[in-house]
Amino acid sequence: MGFLDLDQYSLRDWVHAPWSGLANFVEAVTSSSMPHSLWLSVSFALLTTVFAAPIGIVAALTVNGRMRGRGIVRSLYLVPYVIPQFVTGSLWRVLLHPDGATNHLLHALGINANNHWLIGPVSFWTLVAVDVWASWAFIYLMTLAGLQTISSELYEAADVDGVSWWQKIRYVVLPQLRGPLSLALLLSTLHHFNNFTLPFVLFGSPAPEAVNVLPINIYQTSFQVFRFGLGAAMSVIALVILAVPAVIYLRSVRLDARPQEAEA
Amino acid sequence: MSWRARDPQAILPRGLNAVAICAIAAFALAPVLFMVLMSVTPDAEVAGGRLWPSHLALDNYVQMWSTVPLMSGLANSIAAALTAAVIATAFAVGAAYCLTRFSFVGRRPYLASLVTLQSVPHVMLLLPLFMVFSSAGTYLGLPLVGTRTALVITYLTFALPLATWVMVTYLRKIPESLEEAGLIDGLSRFGTLWRIVVPLSWPGMVVVLVFSFLIGWNDVVFASVLTHPDTRTAAVQLQVFGLSLEGGALPLYGQLMGASVVCSVPVVALYLVFQRYLVSGLTAGGVKG
């Protein structure tokens, strides 16, 4: 599809659409907003993961040991994550609108920020913050699963050596978690990169320039400007870029647990 | 030293642990509680940013059904998502059984493709799928765009690989010796699948069913392109409703929040009921629900 000159008229009869060679690809790279979107998407995905990781790790540490009410706390942690993203988007849209609760709350705290959170350059950081809120529990879940594979004997040995809790985290927990945690960070980055629903619902369309991330851009190019060929070319380029983390992910998954074959 | 008696898995000091739990829980729950609170606040007060309602406006929950065609949206969501989930689960069990019990040419590439598909962004499949559906209308005379069938097919494209992969990780843990015993006792292959594997793997099937259902329930992008106003899912209705409030004279934010609560409750309830199974499935498959 990336090689065809498709618009809303030729789409119905796409077999006969004019062949346009690499023109769509050239346009996507040189004169469209795609490079900008790609940059936005990459920085959005990385920043969100970086901010979400500490919250997720600390949260996992707090509920690893047995204590009263642990099951309840574990469930509560999951709530923002399991709420559908289209609801998250609507909720924050209401909370953040100029007359909304966020600004009133800030005002009550003495911070006079009558900000328009949903337009202009600040909207990028709004998106990062809301996505961190919605998705840190993914890192929490992966970390918790990793923590549960660490045997109590390691901690008891550390206690005998008289180390502090901080040293325990630094020298026992983090090294043991390296595998599951790096997988969690990789997957989390991928999810954020691919997140369409949240920016789409949170900002509406057309999205502000600052949150024109790649999935949004492809959607708008295809279904609002009706440049289907250009949209498809963008998709193909994005797929090629995504192949890199996807291959890393693939190599880290035990594809085949059957003993008679080599492991992936 | 009181904490000597604690579970050695508890790493943070007791006081710090309590503080951290409170801080994280507040961070996670405050916006959700606000959502519930705003859903019983009169519309105008939400729009004015009032933090505490002057009176409980429970009629938000009554009016919203006529403001947005929410009932038909929920019906569409359930119909499309549930159909896709049931089909995906049925096929996933069969496919995963073959993938874990037999070896055949192309098995490893098949497994690899299941995993790789998890990292393909949905938006990128939107265009090709849209083309296929509209071509089906042009060339085969099958009007698919705008129907629930199109949605079911779309959700299956994502639910099937996910469901199969989670089932594969699950079926691996079931020892083959049970099936061998069944085969010796005269069961056919299908007999072992139906009488031995399926009863043993129902927790995995629950996980797969719920995850596949959520793919459809949470989807906005496909439903927004592939539906007509009367086949719209709840997700799209909520999104359109939220957008329409910007230009409208009377911002109905209270009702919007009420509708949001209604759309979240089934999902949160599903998670809380099946939490134990879902979490293990989530981390095993390395997927997002």
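**Entry 1: confidence**

Residues are numbered from 1 along each chain as its sequence is written, and chains are lettered from A and ligands numbered from 1 in the order in which they are written.

For the complex, the predictor gives an ipTM of 0.82 and a pTM of 0.83. I keep in mind that where pLDDT is low, the predicted coordinates should not be read in detail.

**Entry 2: make-up of chain B**

I counted the secondary structure of chain B and recorded 14 helices and 0 strands. Along the principal axes, the C-alpha atoms of chain B fill a box of roughly 80 × 70 × 30 Å.

I then took the domains, whose bounds come from an automatic or database domain assignment. Chain B has domain 1 (2-39) and domain 2 (64-285). The C-alpha centres of domain 1 of chain B and domain 2 of chain B are 33 Å apart. Their contact (C-beta atoms, placed from the backbone, within 7 Å) takes 4 residues from domain 1 of chain B and 6 residues from domain 2 of chain B.

**Entry 3: packing of α7(B)**

Which helices did I find packed against α7(B)? One is helix α10 (residues 202-218) of chain B, which packs with helix α7 (residues 148-171) of chain B at an angle of about 160 degrees, the axes 9 Å apart. Axes are lines fitted to C-alpha atoms, for helices over the stretch in contact, and angles run from 0 to 180 degrees between N-to-C directions. I therefore describe α7(B) and α10(B) as roughly antiparallel; angles under 35 degrees count as roughly parallel, over 145 as roughly antiparallel, 65 to 115 as roughly perpendicular and the rest as oblique. Among the contact residues are Phe158(B) and Leu162(B) of α7(B), and Val208(B) and Phe211(B) of α10(B). By class, this contact has 12 nonpolar, 3 polar and no charged residues. Ala, Val, Leu, Ile, Met, Phe, Trp, Tyr, Cys and Pro count as nonpolar, Asp, Glu, Lys and Arg as charged, and the others, Gly among them, as polar.

The other entry concerns helix α6 (residues 122-139) of chain B, which packs with α7(B) at about 140 degrees, the axes 11 Å apart. That makes α6(B) oblique to α7(B). I list His122(B), Leu125(B), Leu129(B) and Phe133(B) from α6(B), and Ala150(B), Thr154(B), Thr157(B) and Phe158(B) from α7(B). This contact holds 5 nonpolar, 3 polar and no charged residues.

**Entry 4: chain B against chain A**

I found 68 residues of chain B in contact with 81 residues of chain A. Helix α1 (residues 14-39) of chain B gives the most to the chain B side, with 12 residues. That side divides into 45 nonpolar, 18 polar and 5 charged residues.

Note on methods. This is a predicted model: local features need pLDDT of at least 70, side-chain atom pairs count only at pLDDT 80 or more; totals for chains, interfaces and linings use all residues. Two residues are in contact if their C-beta atoms, placed from the backbone, lie within 7 Å. Helices (H or I, at least four residues) and strands (E, at least two) are DSSP runs, numbered from the N terminus.
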